[in-house]
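Hi everyone, thanks for making time this morning. Let me put the chain up on the screen, and then we can walk through it together.

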Amino acid sequence: DKLINYFDNLKFRYKTAFLIFIIAGGMICIIILSQISIFAVKQDFDILFDKRTKSLMQLENIKDTFQVNVQDTLRDFEKKQISFEQTSEVLKLAQEIIDKNWLLYKNQIKVQNKDFLTTFIKDFIIKEENYYENKALKNNIMNNINTKMQIIKSKLAKINIDTNEEKFHLELNLQINAVSIYLTSLINYDLSLAINEKRNTDKIFNIILIFSIISIFIVFLFSIILSIFIINNFKKLHNSLEQKVDIKTKELQELNMSLESKISKEVSQNRKKDIIM
């Protein structure tokens, strides 16, 4: 009631300015919030793409390099279809590709989403789903991959022109197959995290969308309330002006009647004076 009375006592120009301020400010806030939500969700999708999709491609490249460039090359060398120099050159190139992709993968998974709005919503508003995440499991898989890679690298370094033992190639193939299994496990793990992050991103988008709708409703409600107050003020002002006009009209009518009476008296007196003269 005090707020309504205070608003009623404000001058009309202040009410109008306040209404314009509420509408303009509300619309600006809605536009800003909408843009922030769009860019926040876009950034989340971009980070998800860079962190997960690219890393998965790097793991697939490592896996394919082991199977195609290493295993197939060793098989051809074992069958004496290619020379030792060709084998060494292909294996050296394969090792460079593997090391490069493995380093890129480890750097890629370190990328964090530092967007303030997205981080705030994840920390304080939504219950982020992270039951797929198991850092100990991932670290164990990566350590096993590192160990197997070192074993394979040391074995490949021992290959010479006379290396043609079936046992040596069998052990090397077993190590490469083991790395492929670990890489597949790591790919599946990252895929589950990507799906989980996609769900969280959808939640963030829905939260921001709800906030936008609520802010639009609040601005609309305030606009209606202020418009009602201003319309009532118009009505009060109009009624007040009508009353003042009625009062002035009556005063004029009374004044006219008084003047007519005075004029009649003066005219009558003047006639009497004329008769006497």
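Let me start with a question: which residues in helix 3 are buried? They are Thr87, Leu91, Ala94, Gln95, Ile98, Asn101, Trp102, Tyr105 and Gln108, where buried means under 20% relative accessible area, exposed over 50%, and partly exposed in between, with a 1.4 Å probe and protein chains only.

A quick word on what you are looking at. This is a predicted model, so to speak: local features need pLDDT of at least 70, side-chain atom pairs count only at pLDDT 80 or more, and totals for chains, interfaces and linings use all residues. Residues are numbered from 1 along each chain as its sequence is written, and side-chain values use heavy atoms, with hydrogens and water left out.

Now the overall layout. The protein chain has six helices and zero strands; these are DSSP runs numbered from the N terminus, H or I with at least four residues for helices and E with at least two for strands. Of its 277 residues, 30% count as buried. Among contacts with a separation of 6 or more, 88% are between residues 24 or more positions apart, a contact being heavy atoms within 4.5 Å.

Back to helix 3 for a moment. Its 25 residues reach 36 Å from first C-alpha to last, close to the 36 Å expected, which is 1.5 Å times one less than the number of residues.

The largest nonpolar core has 27 residues, and Phe66, Val70, Trp102, Leu156, Ile159, Leu172 and Leu186 touch the most other members. Such a core is a set of buried Ala, Val, Leu, Ile, Met, Phe, Trp, Tyr and Cys residues joined through side-chain atoms within 4.5 Å. Helix 2 (12–78), helix 3 (84–108), helix 5 (135–157) and helix 6 (166–276) each supply at least two residues of this core. Take Leu156: leaving aside residues up to four places away in sequence, it touches Val70, Leu74, Leu91, Gln95 and Leu172.

The C-alpha atoms of Tyr189 and Lys138 are separated by 7.7 Å, although the two are 51 residues apart along the chain. Ile214 is also found in helix 6, but Ile214 is partly exposed, at 42% relative accessible area.

That's my tour, so over to you for discussion.
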